[in-house]
Amino acid sequence: MKKYHLLVVVFFFSMALSAQSAQSFLLNLYGGYTFSDRVDFDSSYGKVEDGFEYGIGLEYFIMDNASVELKYNRLDTSMPLYTKVPLNEGSIPAGTQVNAGDDKGAINYILADYTYYFGSSSQKALPFLGAGLGVAILETPKSGSGTYFAWEIKAGVKVKTNSPVSINLHAYLQSMSAAVGYDYYWDYYWGPVAVTDYASTFQFGLGASLSYDFSK
């Protein structure tokens with residue numbers, strides 16, 4: 001009887017090991033259209049214009065319905081900056097673009113995503129929700145590049161085929177936050193206090209990805 005119990009334990013242990021080793025690695029190729037956003041500062045405002053976003057990711061399924069992914073996406077865009085108030089004693093009126101001809105830039109997102117898929121793995125179409133954290137590397141003509149905190153949320157549906165290739169259709173919201181200077185406040189005990197001022201982008205997009213499952 002003890003030998004039988006031992007065989008049962010070994011059998012289920014081997015099954016568990018095989019299930020873990022069967023977890024899927026997917027290579028994802030991304031493409032999408034990201035819409036513009038306006039960012040307000042004290043005396044000016046900027047825009048991150050809409051454009052095509054593309055990238056690549058490596059996704060690992062930690063269970064049938066959940067995955068983690070490391071991905072890189074890039075948005076090539078224009079970033080015009082406009083005045084809110086007249087400058088130089090009124091010689092530059094409000095609404096003037098101050099970086100005309102020098103506003104090309106890019107945002108590079110490096111994110112770690114978690115995605116949950118709803119339904120059975122046998123289904124051909126799986127709705128999903130996901131979120132990610134990471135950094136955004138902002139490239140600008142005048143200021144060079146800077147690295148800032150970034151996040152995204154996404155929702156969509158994964159459409160599987162009989163081949164290793166599947167298609168994801170999704171909507172996403174991406175954000176990048178950067179320190180842009182200081183605001184000053186008067187404190188009764190301490191006098192003037194400087195507080196870091198942050199600006200954030202919030203860009204909505206629609207996209208798709210082609211996925212290749214290396215386990216098939």
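**View 1. Lining of the second largest cavity, by residue class.** Sorted by class, this lining comes out as three nonpolar, five polar and three charged residues. The model is a predicted one, and the cavity shown here has a volume of about 60 Å³. Its lining is made up of Asn28, Tyr30, Glu59, Glu69, Thr115, Tyr117, Phe128, Lys154, Asn168, His170 and Ser209. Strands β1, β7 (104–117) and β10 are the elements that put two or more residues into this lining.

**View 2. The largest cavity and the residues around its centre.** There are two cavities of 30 Å³ or more in the structure, and the largest holds about 90 Å³ of space. Its lining counts 15 residues, and Tyr30, Glu53, Asn73, His170 and Tyr172 are the ones nearest the centre. Split by class, the lining has four nonpolar, seven polar and four charged residues. At least two lining residues come from each of β1 (25–34), β4 (51–63), β5, β9 (144–160), β10 (165–187) and β11 (191–213). Looking back at View 1, Tyr30 and His170 turn up in the lining of the second largest cavity, and both are also among the residues nearest the centre of the largest one.

View 3. Asn73 sits in strand β5, which spans residues 66–78. Is this residue buried or exposed? Its relative accessible area is 6%, so Asn73 counts as buried, the cut-off being under 20%. Its side chain makes a polar contact of 3.2 Å with the side chain of Glu53. Leaving aside residues up to four places away in sequence, Asn73 touches Tyr30, Glu53, Tyr54, Gly55, Ile56, Ile107, Asn108, Tyr109 and Gln174. Two of these contacts, Tyr30 and Glu53, join Asn73 in the group nearest the centre of the largest cavity.

**View 4. β5 and its strand partners.** Which way do β4 and β5 run relative to each other, parallel or antiparallel? They pair in the antiparallel sense, over 10 bridges, and form a hairpin with two residues between the strands. Within this pairing, Leu58 stands opposite Leu70 of β5. β5 also pairs with β7, again antiparallel, and here 13 bridges join the strands.

Note on methods: Residues numbered from 1 in each chain as written. Predicted model: local features only at pLDDT ≥ 70, side-chain atom pairs only at ≥ 80, totals over all residues. Heavy atoms only, no water. Helix = DSSP H or I, 4+ residues; strand = E, 2+ residues; numbered from the N terminus. Buried < 20%, exposed > 50% of the residue type's maximum accessible area, 1.4 Å probe, protein only. Polar contact = N/O pair within 3.5 Å; in protein donor to acceptor, adjacent residues only side chain to side chain. Contact = heavy atoms within 4.5 Å. 1 Å grid on protein atoms, 1.4 Å probe; cavity = no way out; pocket = protein on both sides within 12 Å on 5 of 7 lines; lining within 4 Å. Points joined across faces, edges and corners; volume = space filled by probe spheres on them. Nonpolar A, V, L, I, M, F, W, Y, C, P; charged D, E, K, R; others polar. Pairing = 2+ DSSP bridges.
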